[in-house]
Amino acid sequence: MLEIKDLKVSFTDDWGGEAVDGASLRMNAGERLGLVGESGSGKTMLALTVAGLIPRSRTEVTGEILFEGADLLKRKPKELRSLQGKDIGMIFQEPMTSLNPLMRIGKQIEEALKLHTGLCAQRRREKALEVMELVELPEPELTYAKYPHQLSGGQRQRAMIASAFITDPKLLIADEPTTALDVTVQGQIIKLLKRLNENRGVGILFISHDLSVIRKLCTRVAVMHAGKIVEQGNTEDVFTNPQHEYTKRLIAAIPTREKRSR
């Protein structure tokens, strides 16, 4: 479904840095692929480039991003907009900064339907309530009329997932969606994403620096360091028998009971 070939993303402004440096990655339809690495390794920039959300005026992008065989980098802005929010959905790290504080939750969830379908207002509302129930938002009818500040952190993240999922995308990019949540809610969100993947067949590219979350959710994992993909493979294989020195250091850094005294 997704194949990234030698992707390079450089900033052309005063910073002038290279965020992604020749990354290559392949993802099958319906797969749960984890992308791990420390902060600043280029994970988010890679994801935003795939989603078409980086400002082209400030960046230089080379390589290929093949989505179902077509290169996204060669598509015109209008063609990209037809994919964004429809075939490719995105869940961001902090829902409070991604949701519009002045817009009711239900209207935000159904916004992609307004952009990408010809459904009437009543049918959009019905579809929004269906997907709110699917992601287990409490009392969908009441929650539909609420504002983001009236929801808990976990509920806001579920609303973001509902918003990204309402058009039945083929690829869902989740950029550290559980980082701002407590452990209990984090576990609920992971179970929800896994269920959506298994029941609906949506492919999930899950980005995180939390290896324990990746291990619970993803079947395959790719390790990113300094803008490059340094290792990828079956999740258990990578965790139990890492090949690259950086991957070994990442796994060695996971806290254990034995390390507590140190």
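Two strands are counted as paired if DSSP finds at least two bridges between them, and the helices (H or I, at least four residues) and strands (E, at least two) named on this tour are DSSP runs, numbered from the N terminus. The model is predicted, so to speak of local features a pLDDT of at least 70 is needed, side-chain atom pairs count only at pLDDT 80 or more, and totals for chains, interfaces and linings use all residues. Residues are numbered from 1 along each chain as its sequence is written, and side-chain values use heavy atoms, with hydrogens and water left out.

Select the four strands that form an open, antiparallel sheet in the order β2-β1-β4-β5; its edge strands, β2 (18-27) and β5 (70-71), each pair on one side only. Within this sheet, β1 (residues 2-11) and β4 (residues 59-67) are joined in the antiparallel sense over eight bridges, and Leu2 has Phe67 as its bridge partner in β4.

Next, select the six strands of the open, mixed sheet ordered β6-β7-β8-β3-β9-β10. Here β6 (88-91) and β10 (228-234) stand at the edges with a single partner strand each, so one side of each is left without a neighbour in the sheet. The twist from one strand to the next averages 20°. Inside the sheet, β3 (residues 32-36) pairs with β9 (residues 220-225) in the parallel sense over four bridges, and Leu33 has Arg220 as its bridge partner in β9. Helix α12 (residues 245-252) packs on this sheet, touching β3, β9 and β10, with its direction at about 105° to that of β9.

Now turn to helix α6 (residues 121-134), whose 14 residues should span 20 Å at 1.5 Å a residue, and whose end C-alpha atoms are 20 Å apart, which agrees; the expected span is 1.5 Å times one less than the number of residues. Arg124, Ala128, Leu129, Val131 and Met132 of α6 are buried, that is, under 20% relative accessible area with a 1.4 Å probe and protein chains only. Among the elements covering these buried residues are α4 (105-109), α5 (111-116), α7 (140-144) and α8 (153-165). After α6 comes Glu136, whose phi is positive, near 65°.

Methods
Buried means under 20% relative accessible area, exposed over 50%, partly exposed in between (1.4 Å probe, protein chains only). Contact means heavy atoms within 4.5 Å. Axes are lines fitted to C-alpha atoms, for helices over the stretch in contact, and angles run from 0 to 180 degrees between N-to-C directions.
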